[in-house]
Number of protein chains: 2
Amino acid sequence: MSTNQNDELAQERLIDLAAEFYDQFAQGDIPHMDIPTRTKSNIVFDEESKVWVYGDRKSTRSANSVRGARKLLKAAYAIEFLVNQLEENRSSTLRELYYLSESWDNEEAQFNDQSESNQLIEDLEIVSHVTREDFHMRPEESGAKVMGPLHIREQTRRGDRDIHCQEDVGQGGYQIPNNPDTIEFLGNDAEFVLCVETGGMRDRLVENGFDTEHDALVVHLGGQPARATRRLTKRLHDELGLPVVVFTDGDPWSYRIYGSVAYGSIKSAHLSEYLATPEAKFIGIQPQDIVDYDLPTDPLSDSDVNALESELEDPRFMTDYWEEQIQLQLDINKKAEQQSLAARGLDFVTDTYLPERLDEMGVL
Amino acid sequence: MSTNQNDELAQERLIDLAAEFYDQFAQGDIPHMDIPTRTKSNIVFDEESKVWVYGDRKSTRSANSVRGARKLLKAAYAIEFLVNQLEENRSSTLRELYYLSESWDNEEAQFNDQSESNQLIEDLEIVSHVTREDFHMRPEESGAKVMGPLHIREQTRRGDRDIHCQEDVGQGGYQIPNNPDTIEFLGNDAEFVLCVETGGMRDRLVENGFDTEHDALVVHLGGQPARATRRLTKRLHDELGLPVVVFTDGDPWSYRIYGSVAYGSIKSAHLSEYLATPEAKFIGIQPQDIVDYDLPTDPLSDSDVNALESELEDPRFMTDYWEEQIQLQLDINKKAEQQSLAARGLDFVTDTYLPERLDEMGVL
C-alpha cells in the first residue's frame, strides 16, 4: 500500500472514531470508547500471526465522570489535529503534540503532562487499527542504520531518492528514516539480515567487510531498537523473505533487545503485527558461547539475576531453548559482551564465531 | 593533510614514545612519562587559539614503583598494538582494546578494567599530540547526521563516495563517519551551520525545509555530541568559514552541550584545538526567550539550580552574556525545551523564532 493510501485510511479511521462519539450522543448514549486492557495478563499468543496480541479484556473510557469526559474531549481535539495534519501532509512528534495542546482554545482539552498525550495516541492507535506513523507522528528517537547489498527508493519530501546501501553511502551506512514505509525495495543480493546491538560491533563487521563477504544486511540496533528499525527489519523479512538473526551482548537486558525485535513489547502488543519479526533468531552471545569460546566475562549482578528470573516467567521466553540458556547462565553466574570476542583477535568474530553460529542455525 | 599522512605521523610519534623509554633505559634513568595534570585548576585559556588547554602542571608516570612500572609496560604493549594496527590499516574500539589485552602474552600487561585502557589512550593522545582517531581507535558512539547544501567526498574502505547532503540522502540525512577527517569538502551553498540538540527538532527543521530556505547545514547533536560530530562542526567552521550556531533546550545540561561544541571539556582539553569551535554561538533556548516568547516551562529542580550555580563558577561560562542569562534563569526559576516552541504552532520555530534570533546575532 502506498503511503498516500495509508494517509487516507488513517484519516477515515480517525473520522470514524469521532463519528462514533457523535452517534452515541445522537442516540442519547453516554459517549465512550472501549480499549483492550494493556497488562501482562491480557496478552495472548496469536497462533496465526505468531505474535503476542491483546486478549479479550477491555477497559472503557466513558464520559460518565468529569475525568472521563475530559479524556474524550482531549481525544476529540487530538483527532481533529491529526486529521488536519494528514490533510496538510505534515507530521509532528509526540512532544510537539503535548506542547501544541497549549494552543487549543479549550483549556480543558490541554494535556497535563506528556505521558497523558502519549497514552492517548496509543489508545487511538489501538482503537483505529492505524499506527502512529500513519498518523504522521514522528518518534523522538532516530532509526538506526543499514549497510549491505540492498537497493532502495525512499520517498522523501524533496522527491524520491534511489540509494544502494553499500555503494551510495559512507562508512556510516544508510540512515533509516522515521517512517520506513516510505521505502520501496528495488533489489537486493542479500542472504540474511544481521541485527547488531552495539555500534562498536557494527563498525567491526563493516570494517571486516562481513556484509560483502556473506551478503548480509547489517542493521545497527543501537541498544533498545527504535520502532523504525524494527519495522524495517520486519519488512526485510516479510517482503524479501530474508532470515533475520539478532546479535547482542550475553546478558538479560540484551535478551530483551532480541525480544523486542522478535516478539514486541507488552505495552505495544497492538503493534506486534506491524513491528515484530517472530521468525527472528538469536545468534548470541549465548550463555553456551561463554562456555564454548571461553570468553572474558563479568559476574552477574543482583539485578541481572532478577532480570533473568523474570525472563523465566515471561511467556515470550518460555521455550526449551531460552529456559536452557537462562538456567545455564544462572549456573555459571557470568555474562559477556559481544565485543569480548576481541580477546581472540579482531577477526575472530567474522572469521570464526559468526560463520560457525550461522552454520549451526542453518542460515549460512 | 591526507589520512595517510596522518597515519604515518601517528606511527612515528608512537614509535618515538617507545624509543624514549629505550633511551631512558640506555642512559641508566628510570623510565618515565610526563603528562599534564588533568584537573579544573590546570586548564588555562589560550589567547591565540581561543580554547581552553592544559596549563604547566605535570604528573609523572614512573617505573620507580611496581604499580608505575606496570603502567609503562601496558603503555608499551598498547603502543605496539597501535603501530601494528596503523601498519595494517585497521581500526578498533576502546572496548576491543581492553578485551584484546587478554590475548597479550604478558599477563602483567593486561588491563584491569576499561577505565584503565581508556585512560592510557588519553595519555598517549596527550603525550604524542596525535588524536585517538589517528591511532584508528573508533568511538562506540556514532556521529550524528547532516542535512543541507553540502557536497562531500568520503574516503571509505570500499572506495570514495561522493555525496550531496540533500540530494543523495534520505530524510534521515548523511550519517557522519567515525573519523570525519576522511571527508573532503567538494562544494557548498551554505550560509551557516545550525547544530540542533534533539531529534524531534532536527526533524521539524528538515520537514519545514529550513535547510533549503536558509541554506543552513542542519547538524543533529543527539544530546551530548560525539567527537565525530564536534570535529566535523569545527571543520565546517574553520575550512569553509561558516558561522556555527547551537540550538538546544533551555536548561543547564543543554548549556553544557553548547559548551562541549564551543569549548571542549576539561577531560579532553588536549583535544580542544581539534574538536572545539570557540566561535560557535548559542542561539537558544535562552532564559530571555522564555520571557520574551512566553514559552511553556517547567520549574527548575534542585539539581538544575546546582548545575546553574556550578556553571557560574566555570571559567568557560564567565562572560557577561552567560552570567546575565544564568542569573535570569535562577530568578524566574524556569526552564523550557526547544520543542516547547510548538505551543505557538508547528511553524513558529522556522518562520519566527530562528529568523529573529539569527537576525539579532547577525548571522542572517
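Where in chain A is A:E197 found? In this predicted model, the residue sits in the loop that runs between β12 (192-196) and α5 (199-207) of chain A. Its relative accessible area comes out at 11%, so A:E197 counts as buried, the cut-off being under 20%. Leaving aside residues up to four places away in sequence, A:E197 touches quite a list of partners: A:H220, A:L221, A:G222 and A:G223, then A:F247, A:T248 and A:D249, and also A:S254, A:I257 and A:Q338.

One of those partners, A:D249, turns up again in the annotation. The unreviewed UniProt entry lists A:E197 and A:D249 under "binding site". The pair is spread over 53 residues of sequence yet clusters in space, with a largest C-alpha distance of 7.3 Å. A:D249 lies in a loop as well, this one between β14 (244-247) and α8 (252-262) of chain A. With a relative accessible area of 10%, A:D249 is buried. Its contacts, again without residues up to four places away in sequence, take in A:E197 and A:T198, A:S254 and A:Y255, A:F282 and A:I285, plus the run A:A336, A:E337 and A:Q338. Both A:S254 and A:Q338 therefore touch A:E197 as well as A:D249, going by heavy atoms within 4.5 Å.

Over to A:H136, which is found in the loop between α4 (114-128) and β6 (137-138) of chain A. Is this histidine buried or exposed? At 12% relative accessibility, A:H136 goes down as buried. Not counting residues up to four places away in sequence, A:H136 touches A:D7, A:Q85, A:L86 and A:N89, together with A:R90, A:S91 and A:S92.

Then there is a helix pair to look at. Helix α11 (residues 302-312) and helix α12 (residues 320-332), both of chain A, pack at an angle of about 155 degrees, and their axes are 10 Å apart. Angles over 145 degrees count as roughly antiparallel, so that is the label for α11(A) and α12(A). The crossing of the two helices is left-handed. On the α11(A) side, the residues that meet the partner helix are A:V305, A:L308, A:E309, A:E311 and A:L312, while α12(A) brings A:E323, A:I326, A:Q327, A:Q329 and A:L330. Sorted by class, this contact has five nonpolar, two polar and three charged residues.

Terms used. Residues are numbered from 1 along each chain as its sequence is written. Chains are lettered from A and ligands numbered from 1 in the order in which they are written. This is a predicted model: local features need pLDDT of at least 70, side-chain atom pairs count only at pLDDT 80 or more; totals for chains, interfaces and linings use all residues. Side-chain values use heavy atoms; hydrogens and water are left out. Helices (H or I, at least four residues) and strands (E, at least two) are DSSP runs, numbered from the N terminus. Buried means under 20% relative accessible area, exposed over 50%, partly exposed in between (1.4 Å probe, protein chains only). UniProt positions are given in the numbering used here, feature names are shortened, and annotations may be inferred rather than shown by experiment. Axes are lines fitted to C-alpha atoms, for helices over the stretch in contact, and angles run from 0 to 180 degrees between N-to-C directions. Angles under 35 degrees count as roughly parallel, over 145 as roughly antiparallel, 65 to 115 as roughly perpendicular and the rest as oblique. A crossing is left-handed if the near helix is turned anticlockwise from the far one by less than a right angle, and right-handed if clockwise. Ala, Val, Leu, Ile, Met, Phe, Trp, Tyr, Cys and Pro count as nonpolar, Asp, Glu, Lys and Arg as charged, and the others, Gly among them, as polar.
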